[in-house]
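Notebook open, structure loaded. I'll jot down what I look up as I go.

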2 protein chains.
Amino acid sequence: MFRNHTCGALRASDIGKEVTLSGWVQKLRDKGFVVWVDLRDRYGIVQLVFDEERTPAELLEKARHLGREFVLKVHGKVIERTSKNPNLPTGDIEVLVSEMEILNKALVPPFTIEDQTDGGEDLRMKYRYLDIRRNPVKNNLIFRHKVTMEVRNYLSEHGFIEVETPYLIKSTPEGARDFVVPSRMNEGQFYALPQSPQTFKQLLMVGGMDRYFQIVKCFRDEDLRADRQPEFTQIDCEMAFVTQEDILQAFEGLTRHLLKTIKNVEVPSFPRITYDDAMRKYGNDKPDIRFGMEFGELNEVAQHKDFNVFNSAELVVGIAVPGAASYTRKEIDALIDWVKRPQVGAKGMVYVKCNEDGSYKSSVDKFYDQEDLAKWAEVTGAKPGDLICVLSGDAHTTRTQLSALRMELAGRLGLRKADEFAPLWVVDFPLLEWDEESGKYHAMHHPFTSPKPGQLELLDSDPGAVKANAYDLVLNGNEIGGGSIRIHDKATQEIMFRHLGFSPEEAKAQFGFLMDAFQYGAPPHGGIAFGLDRLVAILGGQETIRDFIAFPKNNSGRDVMIDAPAKLDDAQLAELHLKLDT
Amino acid sequence: MFRNHTCGALRASDIGKEVTLSGWVQKLRDKGFVVWVDLRDRYGIVQLVFDEERTPAELLEKARHLGREFVLKVHGKVIERTSKNPNLPTGDIEVLVSEMEILNKALVPPFTIEDQTDGGEDLRMKYRYLDIRRNPVKNNLIFRHKVTMEVRNYLSEHGFIEVETPYLIKSTPEGARDFVVPSRMNEGQFYALPQSPQTFKQLLMVGGMDRYFQIVKCFRDEDLRADRQPEFTQIDCEMAFVTQEDILQAFEGLTRHLLKTIKNVEVPSFPRITYDDAMRKYGNDKPDIRFGMEFGELNEVAQHKDFNVFNSAELVVGIAVPGAASYTRKEIDALIDWVKRPQVGAKGMVYVKCNEDGSYKSSVDKFYDQEDLAKWAEVTGAKPGDLICVLSGDAHTTRTQLSALRMELAGRLGLRKADEFAPLWVVDFPLLEWDEESGKYHAMHHPFTSPKPGQLELLDSDPGAVKANAYDLVLNGNEIGGGSIRIHDKATQEIMFRHLGFSPEEAKAQFGFLMDAFQYGAPPHGGIAFGLDRLVAILGGQETIRDFIAFPKNNSGRDVMIDAPAKLDDAQLAELHLKLDT
C-alpha cells in the first residue's frame, strides 16, 4: 500500500492520525535541528517534518539528503503546525515522519517545477512529462477533461449518440493536404487520415442515426502557423430533419451549458449577425463583441472634399477609440507606424481627437472643418475624449486593416477580458469564395454545404453572391465552431462539384459513395464542428492552445520529446512497397 | 420544422393531436380504398393512413406511389387504430395524413431494411449506411455509446482524467507492425500511428497525472484474421502509486459497474487464477468458466499400463462431458474426426462412457479395467451419464487441443450462454515467452512490464520461469482487458531491453525518452487496457465485433464503401518525397 491519503487531503481534523503518503519532493528546508520537506502529488502539497528531538538520527540524516523531485513513500503522524500556512489547504498540519522509503531518485530537473518556471518553450516540450507536473499545465489538462465530460453528458442527454468513425480513410485532393498511410496489404495504395469525419457523419444521417456526435482527432498536413497543430480535436456533430434554426438552438444550448457549468457564467440569448454585416461592422467574420468600437463608414461625410486620398478610396472607415483623445503626438505616431507594419499593411491613418470641450483636432484639419468632423464623430459614435482612427482604400483590405487595429487597441485598453464571454452567431456565409491564387472559386465552408433555398440558379450568373445556410459560432473573437445545412440530393451535389472544378469522373471517384448514398433516401441534415483545443483554451481564459494539449508538436510538426517523425528501416520501407525520393 | 414528434413517440393519450412527423417509408400496404404506410425513424415506427373517405384523392394517389425508403414529412391527426398492434409501442394509434411532402426519393435498396435482412456481408458493407438503418446494427451502435458513457462517467467519478495522447508518434520495431505516415515537412521521415498509448500513459504517470484513462483508437498493421480490425478501440488506463491489488480492485469495480448498469447483472467478487493453473485446468489463458469441464490430469492413473500411446506421452489429460455418454458410435467418431482436423491437430482421442449403471465402456478396454476407469472418472469429475474425452502428447499442445474440444462441446451443449457473465482474473503471467520462429524470448505482455519482485536475477539463469505482475481480465472465454505493473527505473528497463535482444544503442534510439523520464522521479505505476470492441460485443451477447463498429474494414483491410485504400496522385507522392517500389 503506497498511501491512504493524498498530499492535498489532510486537515486539522486529521491531527493525531497515522498516515501513509506518497509523492514528490517539492522543496526541502534544512535548518539543522529540523528538516521540512514539501511533498507534492496531483492533489496538493503537504509538509513533512523531521527533527532532532522526535526523529531517529538515521532518518533525519536520510531526509537531509533528499533532492528535488525524489519520489517518496512516508509514514507518520499528523500533528498541528506551529506556524500555519493559510495559503495551503493543508497549512494547518504537518506530518511527523517515522518511516520513509525512497521509491525513486531524481536527477535535478532541467527547469523548476513551479507555477512560474524558468524553463523555455523548447525545454518544456522536450521534458513535457516534467512540465505536466507543474500546476498550470496539469490543471489545464484536468480542465479539458471536465469540459469534454460536460460536452458528452450534455449531448448524450439530448439524444446524441457518439459514434466512432474510421481513421484510415481515403485521400481527397480538395482542401488542405491529407496525411496519408501506405497500405502494406494493398500494394501501392494509401489510406488518408481524416481532416474531419464530414462524409461519415453525413452517411450516419443517411443511416438514420438522427443525432450524432464524436469528440475526435482530425489531421491536416498544413505548414504550421503559430498555435496550429497537425493533429487537433473536434467536437463533431450532425442532426437529421433539422433547419438551421434547430441547429443554432441545439448548440447554443450546449455552449450556454458549458459557460454555466464550467465558468458559472449566465449569458443571454446569443446575438446573430450576418457575414456581410460582420464584415461591415467589424471587418471580420469572427468579431469580438466584448467591446464596441464598431466601424463607421465615412464615405458620405468624408468624400467630395479636397482630400484626394479619401476621394479616390472605395471605402473610408473609422472607429472611435474610447478615451484615447489624450494620446500624445508620439503615441499617435507609434499607432500610425503600427498600422503601416507589413502584417497590417495600411498606407497611413487619419485621426481625429474629440476633445472634452466638444472641439475636434484632426490630422486633416486642412480639408475638414469642425462641422465635418462632428459628422464623423456621429457616424463612428465617438464621444468627447475619444480618438477616431480612419483608414481608407479598397473595401475588403481596409476593413481587414481596421479590424486588426480595433483588436490591437482593445487589447491595449484592456477591453478583451479573459473572464468575460460574448458568444455570437455569424450566419449567411457566402457559399463560395474567390481564390486569387488558383483563379477559382472554392467552397467557403466545404463542398457539402447547401446553398440557400432558391439560390442554386445564381451559381451560374453570380457565384460569389450565393449565400449558404452556413454559420459560425464565435466566442470572444475566435471561431469556436462552424457548420452548415448540407446538400442531401445527388443532383445538387453534382452541380456543386461542377462549380468547384471537379470533372464528373473526379467527383464520382472521390465522392461517388456519398452521392450513391443520397439516392437511397437521404434526409435533410446539417451539423456543426467545434475546435475543442481552442474552445478549452478560451474557456480557460488563455490565448494559446498548446498548454491544453498533453503532448503538442512544435511548429515544424515535430514531437521533440520522442523525436518524431523519424527515419524508417529499409526493410520497413520495402514491406510498404516504397522508396524514398529525396 | 420537420417534426414535433418522433415516429416512436405517439400513444393512445395523443389521440386527437395534430402532429408533424418525418421518416422513412418502411412498408406500404395498398388495399385500394385505403393505403397504410409504416413510417420509421431512429425512435420507432408509426402507421400512417390514407383512405378514400377522409383523404383528398390527390394525396391518396401520391401515397400509393411511394416507394420503400422514401423520406417523408407528413402532417396529420392522431386517431385510434381499429385493429391494434400490440407488438408496436405506437400500435394503439395511427396518423391520418392531411399533408405530405416527399423530402427525398429512394432507389430500391440492395437489401431489405429489416431485422433479418437478405443482404450478404459484402453488400451490407458496401451500403453500410443502409445497414445502419436496420435495428440490430443501429441498436448495437447505441449500445456501444451507452457502454462508453458508463465507462467515462465511472472512471471520471473515481478520479481518472481522460487525456488525449498523440496519434502521430514514432515507429518502433518491437511487436506488431506499425502503420506509418510520411512527413512532408520532415523529408524522408515518418510518423507511426500508435499500437497503444503505452509509453505516453507511462509518461503521464511520471508527470504526476496519477489516474489516467482514454478511450482511444489504436492501429496494428497485421494480416487480418477474422474479427480483427486494423484500427480498434481501447479503454486505456494507468495509475500511479499502486500495487497490482489496487488495480485489480479498481477495474473489477468498473467491470462490475458495467455489468450492473448495462446488463442488470450482479456478479460476486471475481475469482482469480494463476496463468499456470489456467493452463493446467483449462489449457487456456482465457478460460471460459461459465461451465465446468475442468481438465483432469491422468498420467498417474493411466500410464505404466500396456497402452504405449499414453506411456510415451508427456501428458495424458481428459475432461468429463456432461450427459454425453449417450453419444452414438457415429457421434463419437465425428468427435474424433473433429479433434483430428488440422485446426485442432490431435492424433486421436480416447473416450470413456460412464454408464448410468456405474459401469464404464471405453475405447481402450483392452488396456484398462473398470477399476482403472473409475479412477479416471474420479480425476476428471465424471458422473454417470458423462463422456470422458482423453488426449495425450506433449503437454502444451495437448492442453491447447483439449481446450479447443472443451469449448466446442460446451458450445454444442448450450453451456456458453450469452446472458450469463463469468469474469475471471488470470494473474502471474510469465514475463517472457519463447518464440519458436525467431528463436528468441519475447515480452509476453510488453517490454515495459515489471518482473515480480526478486525475480530479476532469474532472467539470466531461467528466463522462461520469471513471472510478472501481469494480469488479464477474462470474460466468458475472451480476454477483455490486460495489464501489468510497469518497470519504473532505468536500470531494470535496460536489463529488460537487453534480454529482449535490443542493443544499448537501439534501446536508446527507440525508448531513450522513456528511460530519461525514469531518471527524473518516476513513481511506481501500472495499468490496464480493455478492448472496447470485444467488450461491447460480449456485453451485447454477440460473437462478432464487426456489427458494433459503424464502418468496419473487411479482411483485406479495405473499406469497401468508400473504396479505401486507394492510389495517390504522382504530385502527392512527390510532395511526400516518395516513390512506389512495386
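Is His577(A) buried or exposed? I get a relative accessible area of 15%, so His577(A) is buried (under 20% is buried, over 50% exposed, partly exposed in between; 1.4 Å probe, protein chains only).

Ground rules before I go on. This is a predicted model, where local features need pLDDT of at least 70, side-chain atom pairs count only at pLDDT 80 or more, and totals for chains, interfaces and linings use all residues. Residues are numbered from 1 along each chain as its sequence is written, chains are lettered from A and ligands numbered from 1 in the order in which they are written, and side-chain values use heavy atoms, with hydrogens and water left out.

I looked up His577(A) for its phi, which is positive at about 60 degrees although the residue is not a glycine. I find His577(A) in the loop between α17 and β23 (578-580) of chain A; helices (H or I, at least four residues) and strands (E, at least two) are DSSP runs, numbered from the N terminus. Met293(A) lies in the loop between α7 (275-282) and β12 (296-297) of chain A, and is buried at 8% relative accessible area.

Next, the peptide bonds. Ala564(A) and Pro565(A) are joined by a cis bond, omega about 0 degrees, and Pro565(A) lies in the loop between α16 (532-539) and α17 (570-575) of chain A. In chain B I see a cis bond from Ala564(B) to Pro565(B), omega near 0 degrees. I noted these because most residues other than glycine have a negative phi, and most peptide bonds are trans.

I have Asp547(B) as buried, at 17% relative accessibility. What does Asp547(B) touch, not counting residues up to four places away in sequence? My list is Arg124(B), Met125(B), Arg128(B), Val137(B) and Asn140(B) (contact means heavy atoms within 4.5 Å). With Arg128(B) there is a side-chain to side-chain polar contact at 3.2 Å (N or O atoms within 3.5 Å; within protein, one must be able to donate a hydrogen and the other to accept it, and residues adjacent in sequence count only if both atoms are side-chain atoms).

**Between the chains**

I count 123 residues of chain B in contact with 123 of chain A. The two chains bury about 11000 Å² between them, 61% of it on carbon and sulfur atoms (accessible area lost on being put together, 1.4 Å probe, summed over both). On the chain B side, Glu164(B), Phe241(B) and Tyr520(B) lose the most area to chain A, together 8% of what that side buries.

The rule finds twelve salt bridges across this interface (a side-chain nitrogen of Lys or Arg within 4 Å of a carboxyl oxygen of Asp or Glu). I also looked at Arg144(A) and Glu164(B), which form a salt bridge with the closest N and O atoms 2.7 Å apart.

**Rings**

I get 49 aromatic pairs over all chains (Phe, Tyr and Trp rings, the six-membered one for Trp, with centres within 6.5 Å; planes under 30 degrees apart are stacked, over 60 edge-to-face, the rest tilted). Phe200(A) and Phe551(B) pair edge-to-face, 5.0 Å centre to centre with 65 degrees between the planes. Phe200(A) is buried at 2%, and Phe551(B) is buried at 4%.
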